Amino acid sequence: MRSEQERQNGHLVRNATATLIFTFLAFAIAQFGLLAVVKQGYAYLGYAAFITLFIPFIIHVIVTKGKEI
């Protein structure tokens, strides 16, 4: 079993790693500009919605000939 000290050191390393990753991400977002990042995110969400919602709906309409809508 691990001692309490080893467990605390593990948490410290994990927290420090997470902090560095989030700091790097915040720095990267600041370099590109938040609006550009949000714009790209909304574009990808639009594509994802098209693939996951619109196409299955159209296929459902064609298969059921619109009877269950």
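This is a predicted model: local features need pLDDT of at least 70, side-chain atom pairs count only at pLDDT 80 or more; totals for chains, interfaces and linings use all residues.
Is Phe50 buried, partly exposed or exposed? I looked it up: Phe50 counts as partly exposed, at 44% relative accessibility.

Residues are numbered from 1 along each chain as its sequence is written, and side-chain values use heavy atoms, with hydrogens and water left out.

**Helix α2**

I found Phe50 in helix α2, which covers residues 34–64. Helices here are DSSP runs (H or I, at least four residues; strands are E, at least two), numbered from the N terminus. I checked the length next: α2 has 31 residues and reaches 44 Å from its first C-alpha to its last, close to the 45 Å expected. That expected span is 1.5 Å times one less than the number of residues.

I also found a kink of about 35° in α2, centred on Phe50. The bend at a residue is the angle between axes fitted to the seven residues ending there and the seven starting there.

**Nonpolar patch**

Phe50 turned up again in a nonpolar surface patch with Ile51, Phe54, Ile55, Phe57, Ile58, Ile59, Ile62 and Val63, about 870 Å² of accessible area together. Patch residues have over 30% relative accessible area and no salt bridge; like charges are joined within 9 Å, nonpolar side chains (Val, Leu, Ile, Met, Phe, Trp, Tyr) within 5 Å. A salt bridge puts a side-chain nitrogen of Lys or Arg within 4 Å of a carboxyl oxygen of Asp or Glu. Areas are Shrake-Rupley, 1.4 Å probe, and for residues only the protein chains shown count as cover.

I looked at Ile59 on its own: it is partly exposed at 47%. Leu34, also in α2, is exposed at 55%. The C-alpha atoms of Leu34 and Ile59 are 37 Å apart.

**End of α2**

Thr64 lies in α2 and counts as buried, because its relative accessibility is 16%. I saw its side chain reach the backbone oxygen of His60 at 2.7 Å. After α2 comes Lys65, with a positive phi near 55°.

**Across to α1**

I picked Arg7 in helix α1 (residues 4–32), partly exposed at 36%. Arg7 and Lys65 have C-alpha atoms 61 Å apart.

Note on methods. Buried means under 20% relative accessible area, exposed over 50%, partly exposed in between (1.4 Å probe, protein chains only). A polar contact is a pair of N or O atoms within 3.5 Å; within protein, one must be able to donate a hydrogen and the other to accept it, and residues adjacent in sequence count only if both atoms are side-chain atoms.
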